[in-house]
Amino acid sequence: MSEDYDYILIGAGSAGCVLADRLSADPRHRILVLEAGGSDRHFWVKVPLGYAFAHVDPRITVSCLTESDQGLAGRRIAWPRGRVVGGCSSINAMAYMRGLPFDFDDWAQAGATGWDWASVRAVYEALETKDARPQPGAVRISDLSRQMHPFSASFLRAAQDIGWPVLDDLNTGAAGLGYYRSTVWQGRRWSAADAFLRPALARGRVRLETRAKVARIEIENGAARGVTYRQHGRTLRANARREVILCAGAIHSPQILQLSGIGPGALLQAHGIAVHNPLSEVGRGLQDHLAVSYSFSAHPDTLNTALGTRLGRLKSGVQYLATRTGPLAVPVNQVGGYIASDGALRPDTQIYCNPMLYSYGPKGPEVTRASGYILCAQPCRPTSRGEIRITSPAPGDEPGIWPNSLSTEADCQSVIRAGRLLQRLARSATLTQASRAPIGPDLLSLDDDMLLDDFRARASTVFHPSCTCRMGDDPARAVLDARLRVHGTDRLRVVDASAFPNITSGNTNAPTMMLAARAAALILEDNR
Ligand SMILES: Cc1cc2nc3c(=O)[nH]c(=O)nc-3n(C[C@H](O)[C@H](O)[C@H](O)COP(=O)(O)OP(=O)(O)OC[C@H]3O[C@@H](n4cnc5c(N)ncnc54)[C@H](O)[C@@H]3O)c2cc1C
């Protein structure tokens with residue numbers, strides 16, 4: 001049995017939800033969205049502080065484990081991915097960062113013509129809303145600064161102490177610290193599913209199938225004709241009259257291409273997969289952000305005072321349920337921004353400041369009773385590139401992830417410069433006064449070599465894998481053309497974070513949604 005649609009979207013994540021909205025605006029289109037995960041109606045998905053639980057909850061995430069990473073002292077790191085309606089936008093930390101203008105100018109320079117900052121800026125503006133009520137088809141960006149914990153203002157005073165600008169809006173391209181803007185509305189996460197998919201479903205032209213895992217794209221005569229997927233123990237097929245569009249994210253989109261016979265020829269042959277299109281770069285070019293955190297106990301109250309005891313958690317829970325306000329109603333990354341390290345011509349480090357001490361134990365997040373805070377730094381534009389490769393022809397097996405972290409000297413130097421920035425912030429008069437003692441490694445006692453060693457030993461992913469099916473005009477060096485069409489295979493596109501030519505400087509949800517919004521315009525233009 002099979003059914004016919006105009007477009008088949010694989011994955012209802014950040015990009016898939018935007019596409020479902022934009023493509024279904026045309027009343028002629030019937031669209032099928034196949035999502036491997038289930039419903040997003042989970043308490044911890046909706047509660048902003050619930051991020052701490054959501055992204056480690058196996059009911060709504062799949063925890064991919066990297067291969068041993070030499071740059072990170074041989075460690076294997078968990079890379080959670082949202083396996084739920086909304087994808088990673090349903091489990092992420094909700095910081096809304098567009099990226100910096102030069103990120104997109106670099107995209108254009110890498111062959112993604114039309115993706116320069118001057119072009120994508122207008123796409124962002126059309127995508128975002130700050131209106132009191134969320135507009136269907138737009139992402140709600142909230143300024144929650146008045147609800148942030150009072151201790152978070154200390155981070156901004158600390159920035160001022162050391163001459164870093166304090167910004168009202170972190171999305172202007174300027175360097176400085178400020179309160180993060182968040183994809184939250186009225187105390188609830190406002191995921192891509194809330195902003196885009198639900199309004200699209202309401203039109204009646206989009207069919208969403210959950211727990212529907214695509215096994216492969218069916219390629220006939222050099223063109224994508226449909227997909228085979230598994231749902232509730234059955235194998236099903238759906239046909240696409242116009243296009244199949246992969247939106248399965250930077251780990252699973254290249255996996256699905258490889259399973260479908262599009263990818264490095266030798267790899268596919270080694271797994272007995274018939275090669276339809278020997279595109280060597282499928283899965284290659286992987287980039288991610290890494291960051292390291294330093295914890296301090298503090299004299300003034302921080303979120304630990306409210307959340308470090310059972311009674312405090314109970315009170316916060318009641319406040320949240322009654323009024324959608326309080327500690328649970330705001331994300332934990334409260335203050336941050338882009339900073340240029342010494343000698344850098346442009347911002348090269350993203351900072352995160354959290355007014356709470358917490359760690360992860362076997363049962364999930366653990367919040368201490370004692371007041372404390374965390375400073376964290378992430379180099380913005382790593383140059384190392386890794387790879388995603390299938391390790392078996394079975395769609396149920398997770399692909400291998402080789403991050404190849406810190407494999408360039410430039411990346412090692414950027415880690416040291418990021419550590420020095422955190423040292424300056426920690427030495428500010430405000431944080432010196434507020435702090436009792438370091439918890440864990442003493443940031444202020446580390447020299448350059450020790451900063452790098454500590455990063456290798458403790459840094460982890462910021463959950464931003466991208467670039468594994470990147471745009472570029474040369475099929476020998478890229479997977480997609482600048483209209484996101486797979487080189488050498490017709491009627492097939494990849495529209496998600498895999499398509500980035502290079503990782504953007506900040507968090508990747510906003511650029512992914514922007515990419516999907518512009519992709520939709522290109523798709524509609526090409527199919528007119
Ligand atoms: C824990 C965490 C925290 C983050 N915090 C932030 C943040 O604060 N701010 C920010 O900007 N970014 C953040 N990010 C990153 C951001 O959310 C992602 O970059 C973005 O959501 C990626 O969107 P995507 O469309 O590429 O993929 P996804 O949103 O991952 O969507 C892919 C979808 O495809 C589905 N899928 C996969 N395989 C198949 C298959 N075989 N068949 C059918 N469906 C399939 C998945 O279930 C998923 O729903 C975070 C990510 C994580 C994981």
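V62 counts as partly exposed because 16 C-beta neighbours lie inside 10 Å. The scale is as follows: buried means 20 or more other C-beta atoms within 10 Å of the residue's own, exposed means 12 or fewer, and partly exposed lies in between, with C-beta atoms placed from the backbone. This is a predicted model; local features need pLDDT of at least 70, side-chain atom pairs count only at pLDDT 80 or more, and totals for chains, interfaces and linings use all residues. Residues are numbered from 1 along each chain as its sequence is written.

V62 is found in strand β3 (residues 61-65). Strands (E, at least two residues) and helices (H or I, at least four) are DSSP runs, numbered from the N terminus. Leaving aside neighbours within four places in sequence, V62 is in contact with R81 and R83. Contact here means C-beta atoms, placed from the backbone, within 7 Å. R83 is 21 residues from V62 along the chain, yet their C-alpha atoms are separated by 6.0 Å.

Strand β22 (residues 372-379) has eight of its eight residues buried, so the rest of the structure largely encloses it. G372, I374, C376 and Q378 point one way, and Y373, L375, A377 and P379 point the other.

The table lists strand pairings; two strands pair if DSSP finds at least two bridges between them.

| Strand | Partner | Sense | Bridges |
|---|---|---|---|
| β17 (residues 290-298) | β22 | antiparallel | six bridges |
| β19 (residues 349-354) | β22 | antiparallel | six bridges |
| β23 (residues 386-389) | β24 | antiparallel | three bridges |

F296 stands opposite Y373 in β22. I351 has A377 of β22 as its bridge partner. R389 is bridged to G400 in β24.

An open sheet of three strands runs in the order β16-β23-β24, with antiparallel pairing. Its edge strands, β16 (284-286) and β24 (400-402), each pair on one side only. Neighbouring strands of this sheet are turned by 35 degrees against each other on average, direction ignored.

Now the helices. The axes of α5 (residues 117-127) and α15 (residues 509-526) come within 9 Å and cross at roughly 100 degrees. That makes α5 roughly perpendicular to α15, a class covering 65 to 115 degrees. Axes are lines fitted to C-alpha atoms, for helices over the stretch in contact, with angles from 0 to 180 degrees between N-to-C directions. V120, V123, Y124 and L127 in α5 meet M513, M514, A517 and R518 in α15. The residues of this contact divide into seven nonpolar, no polar and one charged.

Methods. Angles under 35 degrees count as roughly parallel, over 145 as roughly antiparallel, 65 to 115 as roughly perpendicular and the rest as oblique. Two residues are in contact if their C-beta atoms, placed from the backbone, lie within 7 Å. Ala, Val, Leu, Ile, Met, Phe, Trp, Tyr, Cys and Pro count as nonpolar, Asp, Glu, Lys and Arg as charged, and the others, Gly among them, as polar.
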